Amino acid sequence: MDALKSRKAAIAVFVAVVLVFSLLGFRLSLDRRCRAIERAFFADTLTSPGTQLGECAKYANRILSVIRGQLDDSLYAAVSSSRGALVEALEAQDIAAAASANRALISAVDAAAQAAEGRSFDTTENFPQLLSDFAGAERVAASSDYNETVERFVKNTAERFPADLLRRIVPVDMPEKFE
């Protein structure tokens, strides 16, 4: 406490405390903005990527009911496991995992569609329409402006002074792009 009796020491401590709290405030503010952007991905709106990926998972489930026992078991397993991974990623609100699972699901559904070409199924479901609906939901998810929002935020906020400098001192997890 004797050190604080010195005017220079007291000023130095005051400046250090102000600096620490300023950095903490910056980090919290930037982090809050980053999380708001990511929450928009999963917003409960018709055009949000998360909602459309949920629709893809629903269509994939209906596709599974059509191809069960009709196509090779490995195709069924591929669609089923990638659909499950997508559902888990959406529940966990993990954008990178959702993107990866979505790529796997698209690939599995495409393989099932190729194997089903020219075949008729014993079902009330219209398989070509299901594939079209799946592709439509996927197109909406992929064409959302989420990635542009992330890029704009990073370019106009995170990479500008003083944020770019302060991010080196106090790291902030930037919003993930959906790729």
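**Figure 1. Salt bridges in the model.** The structure holds 5 salt bridges, a salt bridge being a side-chain nitrogen of Lys or Arg within 4 Å of a carboxyl oxygen of Asp or Glu. Side chains of opposite charge can pair when their charged atoms come close. Before going further, note that this is a predicted model: local features need pLDDT of at least 70, side-chain atom pairs count only at pLDDT 80 or more, and totals for chains, interfaces and linings use all residues. Residues are numbered from 1 along each chain as its sequence is written, and side-chain values use heavy atoms, with hydrogens and water left out.

**Figure 2. Arginine 35 and its partners.** Arginine 35 pairs with aspartate 31 in a salt bridge, and their closest N and O atoms are 2.5 Å apart. Both residues sit in helix α1, 4 residues apart, which is about one turn of the helix. Helices here are DSSP runs (H or I, at least four residues), as are strands (E, at least two), numbered from the N terminus. Glu38 joins in as well: Asp31, Arg35 and Glu38 are linked in a network of salt bridges. With a relative accessible area of 21%, arginine 35 is partly exposed. For the cut-offs, buried means under 20% relative accessible area, exposed means over 50%, and partly exposed is in between (1.4 Å probe, protein chains only).

**Figure 3. Two further charged pairs.** In helix α2, lysine 58 and glutamate 55 lie 3 residues apart, about one turn of the helix. Their side chains meet in a salt bridge (3.4 Å, N to O). Lysine 58 is exposed, at 53% relative accessible area, while glutamate 55 is partly exposed at 25%. Another pair is glutamate 179 and lysine 177, whose side chains form a salt bridge with 3.6 Å from N to O. Here glutamate 179 is exposed, with a relative accessible area of 60%, and lysine 177 is partly exposed, with 29%.

**Figure 4. A nonpolar patch on the surface.** Val13, Val17, Val20, Phe21, Leu24 and Leu28 make up this patch, and together they have about 540 Å² of accessible area. Patches are built from residues with over 30% relative accessible area and no salt bridge; like charges are joined within 9 Å and nonpolar side chains (Val, Leu, Ile, Met, Phe, Trp, Tyr) within 5 Å. The areas come from the Shrake-Rupley method with a 1.4 Å probe, and for residues only the protein chains shown count as cover. Look for leucine 28 in helix α1; leucine 28 counts as partly exposed because its relative accessibility is 44%.

**Figure 5. Inside the largest nonpolar core.** This core has 49 residues, and Leu53, Ile63, Ile67, Val79, Leu86 and Phe127 touch the most other members. The elements giving two or more residues to this core are α1 (7–41), α2 (49–67), α3 (73–92), α4 (95–116), α5 (127–142), α6 (146–158) and α7 (163–169). A nonpolar core is a set of buried Ala, Val, Leu, Ile, Met, Phe, Trp, Tyr and Cys residues joined through side-chain atoms within 4.5 Å. Zoom in on isoleucine 67: leaving out residues up to four places away in sequence, isoleucine 67 touches Leu75, Tyr76, Val79, Ala112 and Phe127. Contact means heavy atoms within 4.5 Å.

Figure 6. The 20 residues of α3 reach 28 Å from first C-alpha to last, close to the 28 Å expected at 1.5 Å a residue. The expected span of a helix is 1.5 Å times one less than its number of residues. Among the buried residues of α3 are Leu75, Tyr76 and Val79, and what covers the buried residues of α3 includes α2 and α4. Serine 82, also in α3, counts as buried at 5% relative accessibility. Apart from residues up to four places away in sequence, serine 82 touches Ala101, Ala104, Leu105 and Ala108. After α3 comes glutamine 93, in the loop between α3 and α4. Glutamine 93 is partly exposed, with a relative accessible area of 48%.

Figure 7. In the loop between α5 and α6 you'll find serine 143, which counts as exposed at 58% relative accessibility. The C-alpha atoms of serine 143 and serine 132 are separated by 16 Å, with the two residues 11 apart along the chain.
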